[in-house]
Amino acid sequence: MPRALAILPDESSTQANSYSTLIRDHVEKGQVLAARRLLELALDQGLASPDLELWRRTLAPPRVLQGKNSATPTDRSREFQWLENESHAYRGQWVAVEGGRLLAAADSLKAVLAKLARMVPKPQALVHRID
Amino acid sequence: MTLTRKGQEFTTGSARFHDSASNHLEPGSKVFVRFRIAHLEHEFLGLLDTGATWSIVDWEIAVLAGLRPESGHRIRYSGRWGTIEGSVVTCSFLLPASEGEPLEIQGSVFVSTDWRAGNFIGYRGLLERIRFALDPQENRFYFGPCA
């Protein structure tokens with residue numbers, strides 16, 4: 001086998017790793033557009049690695065999902081009012097509020113959601129941690 | 001009500017925002033908007049922060065939403081709160097509407113096991129593909145998809 005062909009996969013892997021490191025540096029500096037350009041450059045060169053694939057997924061610009069949600073419009077004015085007027089008594093806790101009424105409060109979000117899950121009819125609460 | 005610009009639809013939905021969550025990491029008047037994340041059925045509040053590179057989701061929410069740090073690259077994220085370690089991960093994100101249509105986005109957010117200081121709605125991964133406007137007189141947040 002020609003030597004160049006034997007070396008190529010290693011070189012490719014090294015290049016992919018170098019790109020991945022550079023991309024991380026840019027992401028950590030908040031230079032996401034530059035990171036995306038680097039990623040595009042790497043992929044255009046035919047480089048592939050699990051790291052680059054992960055960057056491809058997480059750095060992809062967001063996509064609006066059209067027509068996927070049929071949630072009924074809800075107003076939360078009364079919940080906001082509750083947070084403003086009543087939440088001081090629940091410092092350090094997660095609270096679930098619906099229609100200006102406290103439905104559940106607990107030290108953990110998991111406990112609050114468990115309480116909501118047991119309620120009939122199923123509430124559509126606004127959940128917030130009061131720190 | 002939706003907004004138009006040059007005769008074209010600019011936003012498709014709106015919701016009131018909360019501006020006095022003094023219990024947040026950054027007390028004072030801010031813009032807190034409602035959101036839903038992943039499969040979770042209830043709504044949360046996040047600070048609208050165009051100065052933040054990434055959105056950050058409270059760790060307890062991230063856990064229950066199934067956002068696993070190992071599904072993204074581990075990075076250090078620096079902001080005015082300091083530097084934290086975590087990962088940028090993909091997730092679905094919904095802005096509920098009180099008028100018009102909700103907006104659902106497939107985006108990316110930052111999660112960290114160290115983060116329990118509220119939710120931030122940042123630019124990259126979410127806001128960068130959303131048209132939005134604020135009406136501080138009515139505390140209303142207008143939003144819609146980029147064309």
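What percentage of the 131 residues of chain A count as buried? In this predicted model, the share is 37%. The accessible surface of chain A comes to about 7,800 Å². Carbon and sulfur atoms hold 51% of that surface.

Chain A contains 5 helices and 4 strands. Read from the N terminus, its elements follow the order α-α-α-β-α-β-β-α-β. The domain assignment divides chain A into domain 1, residues 13-58, and domain 2, residues 77-129. The centres of these two domains of chain A, taken over C-alpha atoms, are separated by 42 Å. Among the contacts in chain A with a separation of 6 or more, 44% link residues 24 or more positions apart.

The interface between the two chains was examined next. The size of an interface is often given as the accessible area lost when the parts come together. For chain B and chain A, the buried area is about 4,300 Å². Of this area, 55% lies on carbon and sulfur atoms. Chain B gives 49 residues to the contact, and chain A gives 51 residues. Polar contacts also cross the interface, with 21 residue pairs found at pLDDT 80 or more for both partners. On the side of chain B that touches chain A, the elements giving two or more residues include β4 (32-37), β5 (44-48), α1 (59-64) and β7 (74-79) of chain B. The list also includes β8 (82-95), β9 and β10 (103-111) of chain B. The most comes from β10(B), which gives 6 residues to this side.

Salt bridges were then counted. Over all chains, the count comes to 16. Across the interface of chain B and chain A, 6 salt bridges are found. One pair that joins the chains is Glu43(B) and Arg76(A), with the closest N and O atoms 3.0 Å apart. Glu43(B) also forms a salt bridge within chain B, to Arg34(B). Here the closest N and O atoms are 2.7 Å apart. Glu43(B) has a relative accessible area of 5%, so this residue is buried. Arg34(B) is buried too, at 3%.

A second salt bridge in chain B pairs Glu99(B) with Arg140(B), at 4.0 Å from N to O. Glu99(B) lies in strand β9 (residues 99-100) of chain B, and Arg140(B) lies in strand β13 (residues 140-145) of chain B. The pair therefore ties together parts that are 41 residues apart in sequence. Glu99(B) is partly exposed, with a relative accessible area of 32%. Arg140(B), by contrast, is buried at 9%. Elsewhere, salt bridges that share partners join four residues into one network: Arg76(A), Glu79(A), Arg34(B) and Glu43(B).

A further salt bridge lies in chain A. The side chains of Asp131(A) and Arg129(A) meet at 3.5 Å, N to O. Asp131(A) has a relative accessibility of 40%, so this residue counts as partly exposed. Arg129(A) has a relative accessible area of 11% and is therefore buried.

Terms used. Residues are numbered from 1 along each chain as its sequence is written. Chains are lettered from A and ligands numbered from 1 in the order in which they are written. This is a predicted model: local features need pLDDT of at least 70, side-chain atom pairs count only at pLDDT 80 or more; totals for chains, interfaces and linings use all residues. Side-chain values use heavy atoms; hydrogens and water are left out. Domain bounds come from an automatic or database domain assignment. Buried means under 20% relative accessible area, exposed over 50%, partly exposed in between (1.4 Å probe, protein chains only). Contact means heavy atoms within 4.5 Å. Accessible areas come from the Shrake-Rupley method with a 1.4 Å probe; for residues, only the protein chains shown count as cover. Buried area is the accessible area (1.4 Å probe) that two parts lose on being put together, summed over both. A polar contact is a pair of N or O atoms within 3.5 Å; within protein, one must be able to donate a hydrogen and the other to accept it, and residues adjacent in sequence count only if both atoms are side-chain atoms.
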